[in-house]
Amino acid sequence: MDKHAKASRLPSGGKGERRLSMFEKDNYTQIVKDRMRSSSHEVHGMEPMDDESLAEFGKSEIFTLKTSMAKIRYANTYKMEPYRKFQAHLVRNKAQHILTQRLQETKYNGATSSFLCSSISEEILTAVKDMGFDRYKYIVTVLILQKTGQAIKISSRWVWDVARDNWVSAKCETESFVSLALIVACYYE
């Protein structure tokens, strides 16, 4: 009587069969085949494996296959400073250029000024991100105020790291309105 027939006669858990042992060579390849078939993970760029190629694998090859498909993890650098620091003068010049370019021929309109503020702030944000300062998160606020002879005070409050965080403001003034842009660069580890 062979070992598979013998194993099928042993009772376990009411099924009448015992589970295959992974320590027996024939059973190990069958277990690997079953697990690979029932896997819900899909690997892009690899052709599906057929049963014959799986049967030829040993334990070390299966381990190598699993580790090659694993997600790559990088070790911490423990670097507390950015590689390229935020340079306020470059950002100020770029924001000033965007404001004057977009607003020099515009008249104040209360209905469209909110859309104009959001589009200018998005443009400034993408320009600052393209400058390549790493490990910073940015907040860009643009205000458009109609000139009617009034005074205005604007303030903002932040939890601030003096050594790493920075801010820049830019201003554009026309006949009918004043536009202010505030760019805040918060260091993000």
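A: Let's begin with a definition: a crossing of two helices is left-handed if the near helix is turned anticlockwise from the far one by less than a right angle, and right-handed if clockwise. This is a predicted model, where local features need pLDDT of at least 70 and side-chain atom pairs count only at pLDDT 80 or more, while totals for chains, interfaces and linings use all residues. Residues are numbered from 1 along each chain as its sequence is written, and side-chain values use heavy atoms, leaving out hydrogens and water.

Our helix is α5, residues 88-103 (helices are DSSP runs of H or I, at least four residues, and strands runs of E, at least two, numbered from the N terminus). The crossing of α5 with α6 is right-handed. Contact here means heavy atoms within 4.5 Å; among the α5 residues that meet α6 are Val91, Ala95 and Ile98.

Now look at what is hidden. Ala88, Val91, Ala95, Ile98, Leu99 and Leu103 of α5 are buried (under 20% relative accessible area, with exposed over 50% and partly exposed in between, using a 1.4 Å probe and protein chains only). Their cover includes α6, β1, β2 and β3.

Finally, zoom in on Val91, which lies in α5. Val91 counts as buried because its relative accessibility is 0%. Beyond its neighbours within four places in sequence, Val91 is in contact with Phe86, Val128, Met131, Phe133, Val168 and Ile183. Val91 and Trp167 are 76 residues apart in sequence, yet 9.3 Å apart in space, C-alpha to C-alpha.

Key: Axes are lines fitted to C-alpha atoms, for helices over the stretch in contact, and angles run from 0 to 180 degrees between N-to-C directions.
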